[in-house]
Amino acid sequence: MTTPLTVEQLQPRLGQLTLVDVRSPGEYAAGHIPGALNVPLDRLDRALPALREAAGQGEIAVVCAAGPRADNACRQLADAGIPTLTLTGGTNAWAAAGRPLDQVAGARRVWAMDRQVRLVAGSLVLAGLLVDLALPGARWVSAAVGGGLAFSALTNTCAMGSMLAKLPYNRPRPGTPNLDETLATLKR
C-alpha cells in the first residue's frame, strides 16, 4: 500500500522516515531532497532486503523527479510486502515549493530521465523518417520507437530510460554514495 504525501506533509517527517530517491545517480547528484538515499529504480531489486529491514524500523517514502518512477518503485515494494509513502509531484514539487535541494559537490545539472527519453525517441523517429527518403523501409525504425513508447505507457515501464541510465552522465559522480554504501546506511 502506498500513501501519497504533499511537500508540506513530508517536510516535518524527514528526520523520522527513510527517504529513497529512485532517480539515476546523475539526477540525484544534481539535486535531491536533504537526507534522501539514492537507490536507482533499475537497482531496486538488489536493495529489497535492506529496504525490508528499514521498513521494520520506520516508514519509507519514495521519491523521483515527478512521480512515475516513484509509483513504479512503490508497486514493486508493495509486491514485496513493504508499505511506502510517496511525494506527490516528486523532487520537482519539493523544489517548486521553495524547499532546499542538496547537491553532490562538483555535480553538474543533468536532464531528467523523461526529458532524455523524449529527446532520444524523437530523434530516432525523425532519423527513421529522413533516412527513409534515401533508404526505403527505414521508417520502420520510427514505427518501432512509436510501438515501444506505447508499450512503455501501457506498462508504466521504460526500457529506453533503463538504457539511458547506464550512460556515463547518468552514472554516479565522485562523492555520490554508491549502492553498497546506501544499503549499509539503510541497515543502520
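In which crossing, left-handed or right-handed, does helix 3 pass helix 9? I started my entries with that. Helix 3 passes helix 9 in a left-handed crossing. I note here that I am working on a predicted model.

**Entry 1: helix 3 and helix 9**

I looked up the contact itself. On the side of helix 3 I listed Arg46, Ala47, Ala50, Leu51 and Ala54, and on the side of helix 9 Leu179, Asp180, Leu183 and Leu186. I then took the geometry of the pair. Helix 3 covers residues 44-57 and helix 9 covers residues 179-186; their axes come within 8 Å and cross at roughly 20°. Angles under 35 degrees count as roughly parallel, and helix 3 and helix 9 are therefore roughly parallel to each other.

I went on to burial in helix 9. The buried residues I noted there are Leu179, Thr182, Leu183 and Leu186. They span an arc of only 100° around the axis, which places them on the same side of helix 9. Their cover includes strand 2, strand 3 (37-38) and helix 3.

**Entry 2: Thr18**

Strand 2 came up as part of that cover, so I checked one of its residues. Thr18 sits in strand 2, residues 18-21. Is Thr18 buried or exposed? Its relative accessibility is 18%, and the cut-off for buried is under 20%, so Thr18 counts as buried. Leaving out residues up to four places away in sequence, I found Thr18 touching Leu37, Ala54, Glu59, Ile60, Ala61 and Leu186. Of these, I had already listed Ala54 in helix 3 and Leu186 in helix 9 as parts of the helix contact.

I looked up Ser24 in the loop between strand 2 and helix 2. Ser24 has a relative accessible area of 4% and is buried. Apart from neighbours within four places in sequence, Ser24 is in contact with Asn38, Arg69, Met113 and Asn170.

Ala36 is in the loop between helix 2 and strand 3. Ala36 also counts as buried, at 4% relative accessibility. With neighbours within four places set aside, I recorded contacts from Ala36 to Leu19, Asp21 and Tyr28. I also took a distance: the C-alpha atoms of Ala36 and Val62 are separated by 9.0 Å, and the two residues are 26 residues apart along the chain.

**Entry 3: helix 4**

Arg69, a contact of Ser24, is one of the buried residues of helix 4. I listed the buried residues of this helix as Arg69, Ala70, Asn72, Ala73, Cys74 and Leu77. Which elements are included in their cover? I found strand 1 (2-5), helix 2 (25-30), helix 3, strand 4 (60-63), strand 5 (84-87) and helix 6 among them.

I checked the length of helix 4 as well. Its 12 residues, 68-79, should span 16 Å at 1.5 Å a residue, and the end C-alpha atoms are 17 Å apart, which agrees. Just after helix 4, Gly81 has a positive phi of about 80°.

**Entry 4: Val104**

I looked up Val104 in the loop between helix 5 (90-96) and helix 6. Val104 is buried, with a relative accessible area of 9%. Its C-alpha atom is separated by 9.4 Å from that of Pro177, which is 73 residues apart from it along the chain.

**Entry 5: helix 6 and helix 7**

At what angle do helix 6 and helix 7 pack? I read about 155°, with the axes 6 Å apart. That makes helix 6 roughly antiparallel to helix 7. The crossing of helix 6 past helix 7 is left-handed. In the contact, helix 6 brings Val117, Ala121, Leu124, Val125, Gly128, Leu129 and Asp132, which meet Arg139, Val141, Ser142, Val145 and Leu149 of helix 7.

I finished with helix 7 alone. Its 17 residues, 139-155, reach 25 Å from the first C-alpha to the last, close to the 24 Å expected at 1.5 Å a residue. I noted Ser142, Val145 and Ser152 as buried. They cover an arc of only 85° around the axis, which puts them on the same side of helix 7. Helix 6 (113-134) is included in what covers them. On the face turned away from this buried side I found the exposed residues Trp140, Ala144, Phe151 and Leu154. Just after helix 7, Asn156 takes a positive phi of about 55°.

Key: Residues numbered from 1 in each chain as written. Predicted model: local features only at pLDDT ≥ 70, side-chain atom pairs only at ≥ 80, totals over all residues. Heavy atoms only, no water. Helix = DSSP H or I, 4+ residues; strand = E, 2+ residues; numbered from the N terminus. Expected span 1.5 Å × (residues − 1). Buried < 20%, exposed > 50% of the residue type's maximum accessible area, 1.4 Å probe, protein only. Arc of directions from axis to C-beta. Contact = heavy atoms within 4.5 Å. Axes fitted to C-alpha atoms, helices over the stretch in contact; angles between N-to-C directions. Parallel < 35°, antiparallel > 145°, perpendicular 65-115°, else oblique. Left-handed = near helix turned anticlockwise from the far one by under 90°.
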